[in-house]
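This report covers the sheet, the aromatic residues and a few loop positions of one protein model. The sequence and structure come before the text.

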Amino acid sequence: MHKYECPCGYIYDPMEGDSENNIPPETAFENLPDDWVCPLCGAEKEFFTKKA
């Protein structure tokens with residue numbers, strides 16, 4: 001599973017999930033809810049880029 005980076009610098013790591021938004025560990029970025037946004041700046045998923 002790949003990590004994804006928000007323009008604000010937040011990195012979504014699927015191995016960690018997003019506990020603040022009830023996203024369990026091992027949740028792939030592609031499987032995040034459509035209404036999930038960056039927990040730091042509120043950017044929508046479409047603005048994230050895949051990390052190499």
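Pro25 is exposed, with a relative accessible area of 52%; exposed means over 50%, buried under 20% and partly exposed in between, with a 1.4 Å probe and protein chains only. The model is predicted, local features need pLDDT of at least 70, side-chain atom pairs count only at pLDDT 80 or more, and totals for chains, interfaces and linings use all residues. Residues are numbered from 1 along each chain as its sequence is written, and side-chain values use heavy atoms, with hydrogens and water left out.

Pro25 is placed in the loop between strand S2 (11–12) and strand S3 (49–50). Helices (H or I, at least four residues) and strands (E, at least two) are DSSP runs, numbered from the N terminus. Leaving aside residues up to four places away in sequence, Pro25 touches Pro14, Met15, Glu16 and Gly17, where contact means heavy atoms within 4.5 Å. Val37 is twelve residues from Pro25 in sequence, and the C-alpha to C-alpha separation of the two is 16 Å.

## The sheet

Three strands form an open sheet in the order S2-S1-S3, with antiparallel pairing. S2 and S3 are the edge strands and have a single partner strand each, so one side of each lacks a neighbour in the sheet. Two strands pair if DSSP finds at least two bridges between them.

Strand S1 (residues 4–5) is joined to S3 by two bridges, and the two run antiparallel. Glu5 has Thr49 of S3 opposite. In general, strands of a sheet pair through backbone hydrogen bonds, either parallel or antiparallel.

## Aromatic pairs

Seven aromatic pairs are found in a search of the whole structure. Tyr4 and Phe29 form a stacked pair, because their ring centres are 4.0 Å apart and their planes are at 10°. Tyr4 belongs to strand S1 and Phe29 to the loop between S2 and S3, so this pair ties together parts that are 25 residues apart in sequence. Rings of Phe, Tyr and Trp (its six-membered ring) pair if their centres lie within 6.5 Å; planes under 30 degrees apart count as stacked, over 60 as edge-to-face and the rest as tilted.

Tyr4 counts as buried at 9% relative accessibility, and Phe29 counts as buried at 7%. The pair of Trp36 and Phe48 is tilted, because the ring centres are 5.4 Å apart and the planes are at 55°. Trp36 and Phe48 both lie in the loop between S2 and S3, so the pair ties together parts that are twelve residues apart in sequence. Trp36 is buried at 5% relative accessibility, and Phe48 is buried with a relative accessible area of 7%.

One aromatic cluster is formed by Tyr4, Tyr10, Tyr12, Phe29, Trp36 and Phe48. Lys45 lies over the face of Phe29, 5.6 Å from the ring centre; a charge sits over a ring if NZ of Lys or CZ of Arg is within 6 Å of the ring centre and within 35 degrees of the ring normal.

## Positive phi in the loop

Asn22 has a positive phi near 60° and is a residue other than glycine. Asn22 is placed in the loop between S2 and S3 and is exposed, with a relative accessible area of 69%.

Glu26, which is not a glycine, has a positive phi of about 70°. The place of Glu26 is also in the loop between S2 and S3, and Glu26 is exposed at a relative accessible area of 57%.
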